Amino acid sequence: MGREQMKAYVVDDDPVFRKSYRGALERRCGFGSVGEADTAEVALEQIMSEKPDLVLCDTIFGARPVGLALCRSLRQAGYTGKIIGMSSIDFEERWKAEGA
């Protein structure tokens with residue numbers, strides 16, 4: 001029996017970025033399944049249901065740091081997979097504080 005492929009999930013309010021990240025994860029990184037959402041609410045529900053191995057999450061949705069709150073909510077709900085926060089602004093310490 002073959003090795004089970006890893007699953008990933010992309011959370012970003014920009015459809016162009018979601019498509020780009022999804023394509024890279026599938027074609028270049030070999031993820032077997034890549035889910036996506038454009039809101040934190042949909043992402044939280046689907047991530048807790050699907051339990052992907054990796055979540056790529058944008059930090060800023062509009063002008064609000066929605067990604068940080070999503071990370072906190074995922075950790076509080078018991079998600080133990082890897083979370084990578086993405087931003088063009090330096091949020092590294094805040095992401096670490098939220099469990100990414």
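A contact here means heavy atoms within 4.5 Å. Among contacts between residues at least 6 apart in sequence, 72% join residues at least 24 apart. The model is predicted, so local features need pLDDT of at least 70, side-chain atom pairs count only at pLDDT 80 or more, and totals for chains, interfaces and linings use all residues. Residues are numbered from 1 along each chain as its sequence is written, and side-chain values use heavy atoms, with hydrogens and water left out.

Start with the elements. The chain holds four helices and four strands. Both are DSSP runs numbered from the N terminus: helices are H or I with at least four residues, strands are E with at least two. Read from the N terminus, their order is β-α-β-α-β-α-β-α.

Next, the overall dimensions. The radius of gyration is 13 Å, which agrees with the value near 13 Å that a compact globule of 100 residues would have. That radius is taken over C-alpha atoms, and the globule rule is 2.2 Å times the number of residues to the power 0.38. Along the principal axes, the C-alpha atoms fill a box of roughly 45 × 30 × 25 Å.

Now the surface. Accessible area comes to about 6200 Å², and carbon and sulfur atoms account for 50% of that. The areas come from the Shrake-Rupley method with a 1.4 Å probe; for residues, only the protein chains shown count as cover. Of the 100 residues, 36% are buried. Buried means under 20% relative accessible area, exposed over 50%, and partly exposed in between (1.4 Å probe, protein chains only).

Helix H3 spans residues 66-76. Its buried residues are Val-66, Gly-67, Leu-68, Leu-70, Cys-71 and Leu-74. An α-helix has 3.6 residues a turn, so residues three or four places apart point the same way. The buried residues of H3 pack against strands E1 (7-11), E3 (54-58) and E4 (82-86). They also pack against helices H2 (40-50) and H4 (92-97). Just after H3, Gly-78 takes a positive phi of about 100°.

What of the cysteines? The structure has zero disulfides, a disulfide being a pair of cysteine sulfur atoms within 2.5 Å. For Cys-71, the nearest cysteine sulfur belongs to Cys-57, 7.5 Å away. Cys-71 is buried, with a relative accessible area of 1%. For Cys-29, the nearest cysteine sulfur is again that of Cys-57, 17 Å away. Cys-29 counts as exposed because its relative accessibility is 51%.
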